[in-house]
Structures are given as structure tokens and as C-alpha cells.
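Me: I would like a close look at one part of this model, with the strand pairing taken step by step. Here is the entry I have in mind.

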Amino acid sequence: MPKIFITNKSGQPQKFLCHGFNNNKDIVVNAHGKSTIQAPDHQNSGAIIAVHDGHEGEQAEITFNGFGGNDFIDMSNIVGAGGNMTIQQQGDPRTRKGDPLFMQNLRKAWAKASPGTKNDLKGSIFTDKAGKVVRMGPIKEHPKLESFVRTFADGKTYIGVGAWNGSPGNPSDNGQSSAAHGTKNAVITYSDGDATPGDGEGHNAHRAPMEQIRMVEH
């Protein structure tokens, strides 16, 4: 039975929505904490979604034991962002998806953006009082936001809609749907800094003590 290992490398607790896994119960992983979710032993699909100020952000999408007996995993920022997250099969960095420095790259691009671009993106990029970008809204609701995000994250994460319902989709997004290698445990790494998994991350992952995980009903 495959598992989903979640590591929170940030310095504060992080809430994740669990769709299709964990009986659809959300979890909160403490700062520098880990948690483990047991997936069913049959083909199963779902998503682990980070939440920021009550808004959905980056999400890891997982199908275990899909077509050809392979897992299909990807990272998506279609519904927003507020942190950095990656996903890969345990022990196989070749399968890694996601931009481990998404928010840092977003902030750099925003700082360089022209007044016209910032005006176009009004209502989709959110900053703190100091002007630092803290959250990005849904790309799917802001076509100009998609073009902006592609300037720094194209080919690293799902940005637009891939091939779907007869639409060819964006080639870079379609590439995010590539199959992994067989069925293995999934390793999700979240961070406010670099979300690249540590050496051997997932190999020694363990079920976190209950004080590290708070279950939250949908």
C-alpha cells in the first residue's frame, strides 16, 4: 500500500486539504514536522493542497497505480500559491515536479514588472504592508496572470490547463502529466524557502506523533 510522506520545512504550521486521501480530512503539519498518509492499495487519485489565509494554493496531484501500472504525479499552481512545494516518487528525483523556489521567483518577477503589468494583475497578486508578495490568486481566473507566471515557472509546474476536452492545452503543461516509474510512495516537500527534498527524504519518513498533526474536518 503506497504512502504519502509530507515534510513541512517551514517555520510555522501548515494546513493541507486532502482530497481523495485521508478520508478527505485536512491536516495541519507543525513547523519542521512530518506526516504520513496511507493510500488505498488500488488505483486512487486525489490532491494535497496547501492553504494560505483561507485560500487554496499550490497542490500536489497524485494518481497511484494509473495507466500501465505507473503513478502520475504533478504540481499545480492553477488555483494559486503562497509557498513552495514539490512532489516526487520516493527515492527517485527524476520524477520530481514543481518549482522549489516558486514564491522567490514570483517576487523577483513582480519586483521587475512594469506599472502596466502590475495594474493588469491587480486583484491576483497580494502583498504585505512592505510590498512583499505573500500570495497569488487563481491563475484560471486571470488569463494575464498565466502569461506572467510563465515568464519564470514555465515547464516547472502546471500553470494553465493541459490537454482536456478536445483542447490541445499548453505543451509545457502537458509535459507535467508524464508518467512516473511504477508505483511507489510519494514524497511531498513544503517550504517557505527551498522545497527541494533533503538527501534521502522519504526513506526514513515515519508516521508523525499525533501532537504533530491536527485533523480538521472539511
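In what sense do strand β1 and β4 pair, and over how many bridges? Please place that pairing in its sheet, and then go on to the other strands and the helices.

Reply: This is a predicted model, and strand β1, residues 3-8, pairs with β4 in the antiparallel sense over five bridges. Within that pairing, F5 stands opposite T36 in β4. The two strands belong to an open sheet of five strands, which follow one another in the order β4-β1-β12-β8-β9 with mixed pairing. β4, residues 34-38, is an edge strand of this sheet, as is β9, residues 92-97, and each of these two pairs on one side only. Neighbouring strands of the sheet are turned against each other by 25° on average, when direction is ignored. As a general point, side chains in a regular strand alternate between the two faces of the sheet.

Further pairing involves strand β2, residues 14-19, which runs antiparallel to strand β3, residues 26-29, and is joined to β3 by three bridges. In this pair, V28 in β3 is the bridge partner of K15. β2 and β3 form a hairpin with six residues between them, and in the turn G20 has a positive phi of about 85°. β2 also pairs in the antiparallel sense with strand β5, residues 44-52, here over four bridges, and C18 stands opposite I48 in β5.

Turning to the helices, the axes of α1, residues 102-112, and α3, residues 143-153, come within 9 Å and cross at roughly 115°. An angle of 65 to 115 degrees counts as roughly perpendicular, and α1 and α3 are therefore roughly perpendicular to each other. The crossing in which α1 passes α3 is right-handed. On the α1 side the contact is made by F102, N105, L106, A109 and W110, which meet F148, V149, F152 and A153 in α3. By class, this contact of α1 with α3 has eight nonpolar residues, one polar residue and no charged residues.

As to confidence, the mean pLDDT of the chain is 87, and 89% of its residues reach 70 or more. Over residues 202-218, however, pLDDT stays under 50, although the model has 40 contacts beyond four places in sequence for this stretch.

Definitions and conventions
Residues numbered from 1 in each chain as written. Predicted model: local features only at pLDDT ≥ 70, side-chain atom pairs only at ≥ 80, totals over all residues. Heavy atoms only, no water. Axes fitted to C-alpha atoms, helices over the stretch in contact; angles between N-to-C directions. Parallel < 35°, antiparallel > 145°, perpendicular 65-115°, else oblique. Left-handed = near helix turned anticlockwise from the far one by under 90°. Contact = heavy atoms within 4.5 Å. Nonpolar A, V, L, I, M, F, W, Y, C, P; charged D, E, K, R; others polar. Pairing = 2+ DSSP bridges. pLDDT = per-residue confidence, 0-100.
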